Amino acid sequence: MKSRGILVKRSNCLVFFFHDGALHCKNYLTGKEFEASPLLVPILGKLDGWRGFRGVERLLPEYSPASIRQSLRRLIASTAVLVRGGSQAKRESALSAWQTWGVEARFFHLATKNTHTAPITVDEARFNRALKRREPPPPSLKRYFARARVHLPDPTSQLHGQLPEVLLSRRTHRHFGAGRVSLEQLSILLRLTWGFTNHIHWPGLGSLPVKTSPSGGARHSLEVYLWCSHVKGLSPGIYHYRPDRHELELLKAGRIAEQMARLCGHQEWVQDCSVLFVMTTVLARVTWRYRFSRAYRVILLEAGHFGQTF
Ligand SMILES: Cc1cc2nc3c(=O)[nH]c(=O)nc-3n(C[C@H](O)[C@H](O)[C@H](O)COP(=O)(O)O)c2cc1C
């Protein structure tokens with residue numbers, strides 16, 4: 001790489017930690033990790049804004065220009081240093097909403113978001129038997145011994161009607177029939193899960209839309225995208241749901257079944273489903289109100305609420 005004219009800056013996604021007695025640096029956006037040798041740290045320290053290679057050399061006269069140039073190339077290769085105009089710099093600038101919160105939320109989110117890169121071929125029974133041989137699984141029950149106990153009335157006679165029946169029969173299914181979901185069925189699912197059901201008055205903010213699931217501060221940061229394969233009356237493709245108008249916006253037309261499986265960590269059974277509902281968050285809706293990283297948990301909790309309502 002020619003260094004003349006290139007401007008570089010420290011990545012904003014670096015964490016340092018000790019591993020096996022050595023200082024390590026990890027870019028939690030790209031996943032690249034390397035041992036941070038003593039020279040690399042002072043170079044990174046000087047790269048808080050865009051600088052040319054010569055500028056860095058001038059700031060660190062105690063090191064030879066050749067060693068600085070070599071270190072900068074290593075830092076660029078390990079994604080610890082960004083090149084202005086490069087794809088990594090663009091990717092990082094898209095993360096601006098995360099800056100409201102401390103490093104812990106974005107580190108956890110970005111460092112743990114990537115899933116399997118190859119098909120899961122695990123033999124479930126063999127896998128679990130091997131785990132059990134290593135150590136027995138923890139018990140499924142938590143009990144407080146020697147505490148007073150309160151016997152509850154038998155609820156069986158109250159467990160009739162549609163809601164108890166739906167709740168009691170919910171299961172995860174991984175085999176799908178050849179039939180198609182109808183547009184009417186899709187419409188009901190969307191309306192009852194992600195549609196606006198009402199508006200409430202929020203002090204100082206005015207009218208805010210609400211849904212069938214709760215949302216911290218009524219921020220409703222979650223969006224839903226539909227990856228449609230087999231829906232009667234809807235051509236295959238990726239759609240975004242507009243909860244205010246109860247309509248779909250076509251983002252990309254085409255067959256996407258194989259990509260759906262990849263999106264779910266290469267779980268091949270997913271490609272037989274009619275529609276995959278993919279939730280994302282508009283982070284700024286949450287960070288705008290909640291300026292502390294604990295609010296990250298709220299987004300995950302809400303995704304659980306919507307999943308169960310669905
Ligand atoms: C957050 C979450 C993630 C899950 N991820 C997967 C998954 O990636 N693949 C899968 O086959 N099942 C997944 N499941 C489904 C569980 O395996 C399933 O809930 C469990 O086997 C219990 O079965 P049930 O849902 O029928 O009660 C997930 C469930 C939850 C709540």
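Biologist: Let's start with arginine 129: which helix does arginine 129 lie in?
Modeller: Keep in mind that this is a predicted model. In this model, the helix spanning residues 124-134 takes in arginine 129. That helix is α6.

Biologist: Is arginine 129 buried, partly exposed or exposed?
Modeller: The label "exposed" needs over 50% relative accessible area, and "buried" means under 20%. Arginine 129 has 49% relative accessibility, so arginine 129 counts as partly exposed.

Biologist: Which residues form the positive surface patch?
Modeller: Lys and Arg are what count as positive here. Arg129 is one of the members of the patch.

Biologist: What separates the C-alpha atoms of leucine 222 and glutamine 308?
Modeller: Leucine 222 is also found in strand β9, and leucine 222 is buried at a relative accessible area of 5%. Along the chain, leucine 222 and glutamine 308 are 86 residues apart. Their C-alpha atoms are separated by 14 Å.

Biologist: Now salt bridges. How far apart are the closest N and O atoms of arginine 54 and glutamate 57?
Modeller: Side chains of opposite charge can pair when their charged atoms come close. Arginine 54 and glutamate 57 both lie in helix α2, three residues apart, which is about one turn of the helix. Arginine 54 is exposed at 56%, whereas glutamate 57 is buried at 12%. The closest N and O atoms of this salt bridge are 3.8 Å apart.

Biologist: Which residues are linked with Arg54 in a network of salt bridges?
Modeller: A search of the whole structure finds seven salt bridges. In the network, Arg54 is linked with Glu57 and Arg69.

Biologist: Which residue forms a salt bridge with glutamate 247?
Modeller: Glutamate 247 is partly exposed, with a relative accessible area of 33%. The closest N and O atoms of the pair are 2.9 Å apart. The partner is arginine 245.

Key: Residues are numbered from 1 along each chain as its sequence is written. This is a predicted model: local features need pLDDT of at least 70, side-chain atom pairs count only at pLDDT 80 or more; totals for chains, interfaces and linings use all residues. Side-chain values use heavy atoms; hydrogens and water are left out. Patches are made of residues with over 30% relative accessible area and no salt bridge: like charges are joined within 9 Å, nonpolar side chains (Val, Leu, Ile, Met, Phe, Trp, Tyr) within 5 Å. Accessible areas come from the Shrake-Rupley method with a 1.4 Å probe; for residues, only the protein chains shown count as cover. A salt bridge is a side-chain nitrogen of Lys or Arg within 4 Å of a carboxyl oxygen of Asp or Glu. The place of a charge is taken as NZ of Lys, CZ of Arg, CG of Asp or CD of Glu. Helices (H or I, at least four residues) and strands (E, at least two) are DSSP runs, numbered from the N terminus. Buried means under 20% relative accessible area, exposed over 50%, partly exposed in between (1.4 Å probe, protein chains only).
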